[in-house]
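Colleague: I would like to learn how to read some features of a model. Could we go through them one by one?

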Amino acid sequence: MSESNSPVWSSHLNQQSTQGNVEFCSGRDVTARPMADRELVPFDIWTNQVSSIALQKAGIISRSECQELIKILAEIESEFQTGQIELDPKQEDVHMNIEFMLEQRLGKELAGKIHTGRSRNDQSATDMRLLLRSAALVFEEELIDLVSTLLELAKTHKETICPGFSHGQPAMVTTFGHSLLCYAQALTRDTQKFNDFFTQVNRSPLGAAAGFEIGRAHF
């Protein structure tokens, strides 16, 4: 939705009702507190770049159009990272913001082609999966670093005597190294949980489109 155009679903609504619906449905997407969609900007740009390549391979856009789209998308990402541009609440969400920026820089015809064969459900589900995958990798890497640190400390304190505790009460005498290994073992199980989660989330929902939502299969 650009400033000069209304959403396709708003034909039966007046301007006030349309704006009210947009503001209510978009929630925190592109409003302050802060903007929730701000976290999705790099991932939405990446999915647009990949989609451009797929469209070029399918013969829907030319090689030069694909290169132009990827170049401008990279410029937009760089400008977001340096704080030169920000999401516009008038554009409803991150997807429409980036598409509108493409339209301003490349024209409506080429910018519109990037949406061929892909719904906003596709974009939303893919962006969220990429965000979750990225976060899982960060958490797992930090857990591995923490476990490594605990193992090194446990080695250093393998003969450092300390009381053991069970149910909050003093128990058998043990070593500080032994206690540290307990935490290392628990955190190691957490890294396996992140591995399992990564396997599930690392699947592309692109192509599900907006046709059906039975069982939320597209997400």
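Modeller: Start with Lys193, which is exposed, with a relative accessible area of 55%. Keep in mind that this is a predicted model.

Colleague: Which residue does the side chain of Lys193 meet in a salt bridge?

Modeller: The partner is Asp190, at 3.7 Å from N to O. Asp190 counts as partly exposed, at 25% relative accessibility.

Colleague: How many residues apart are Asp190 and Lys193 in helix H7?

Modeller: The general idea comes before the case. An α-helix has 3.6 residues a turn, so residues three or four places apart point the same way. Asp190 and Lys193 are three residues apart in H7, about one turn of the helix.

Colleague: What span should the 26 residues of H7 have?

Modeller: At 1.5 Å a residue, helix H7 (residues 176-201) should span 38 Å. The C-alpha atoms at its ends are 38 Å apart, which agrees.

Colleague: Which residues of H7 are buried?

Modeller: They are Gly177, Leu180, Ala184, Leu187, Thr191 and Val201. The buried residues of H7 pack against helix H6 (120-156) and strand E2 (169-175).

Colleague: Back to salt bridges. How many does a search of the whole structure find?

Modeller: The search finds six. One of the salt bridges is formed by Glu86 and Arg38, with the closest N and O atoms 3.1 Å apart. Glu86 lies in the loop between H3 and helix H4 (94-106), and Arg38 in the loop between helix H1 (15-26) and H2, so the pair ties together parts that are 48 residues apart in sequence.

Colleague: What is the relative accessible area of Glu86?

Modeller: Glu86 has 41% and is partly exposed. Arg38, at 25% relative accessibility, also counts as partly exposed.

Colleague: Which residue forms a salt bridge with Glu65?

Modeller: Lys113 does, and the closest N and O atoms are 2.9 Å apart. Because Glu65 lies in helix H3 and Lys113 in helix H5 (residues 108-113), this pair ties together parts that are 48 residues apart in sequence. Lys113 is partly exposed, with a relative accessible area of 21%.

Colleague: How should I read the angle between two helices? Take H2 and H3.

Modeller: An angle over 145 degrees counts as roughly antiparallel. Helix H2 (residues 41-57) and helix H3 (residues 63-81) pack at about 175 degrees, and their axes are 9 Å apart. That makes H2 roughly antiparallel to H3.

Colleague: Which residues make the contact?

Modeller: From H2 they include Ile45, Trp46, Gln49 and Ile53. Leu69, Ile70, Leu73 and Phe80 are among those from H3. By class, the contact has twelve nonpolar, four polar and two charged residues.

Colleague: Last topic, backbone angles. What is phi of Glu92?

Modeller: Phi of Glu92 is near 80 degrees, a positive value in a residue other than glycine. Glu92 lies in the loop between H3 and H4.

Colleague: Is Glu92 buried or exposed?

Modeller: Glu92 is buried, because buried means under 20% relative accessible area and Glu92 has 13%.

Colleague: Where is His167?

Modeller: His167 is in the loop between strand E1 (161-166) and E2. Phi of His167 is near 55 degrees, again a positive value in a residue other than glycine. At 80% relative accessibility, His167 counts as exposed.

Note on methods:
Residues numbered from 1 in each chain as written. Predicted model: local features only at pLDDT ≥ 70, side-chain atom pairs only at ≥ 80, totals over all residues. Heavy atoms only, no water. Axes fitted to C-alpha atoms, helices over the stretch in contact; angles between N-to-C directions. Helix = DSSP H or I, 4+ residues; strand = E, 2+ residues; numbered from the N terminus. Parallel < 35°, antiparallel > 145°, perpendicular 65-115°, else oblique. Contact = heavy atoms within 4.5 Å. Nonpolar A, V, L, I, M, F, W, Y, C, P; charged D, E, K, R; others polar. Expected span 1.5 Å × (residues − 1). Buried < 20%, exposed > 50% of the residue type's maximum accessible area, 1.4 Å probe, protein only. Salt bridge = Lys/Arg side-chain N within 4 Å of Asp/Glu carboxyl O.
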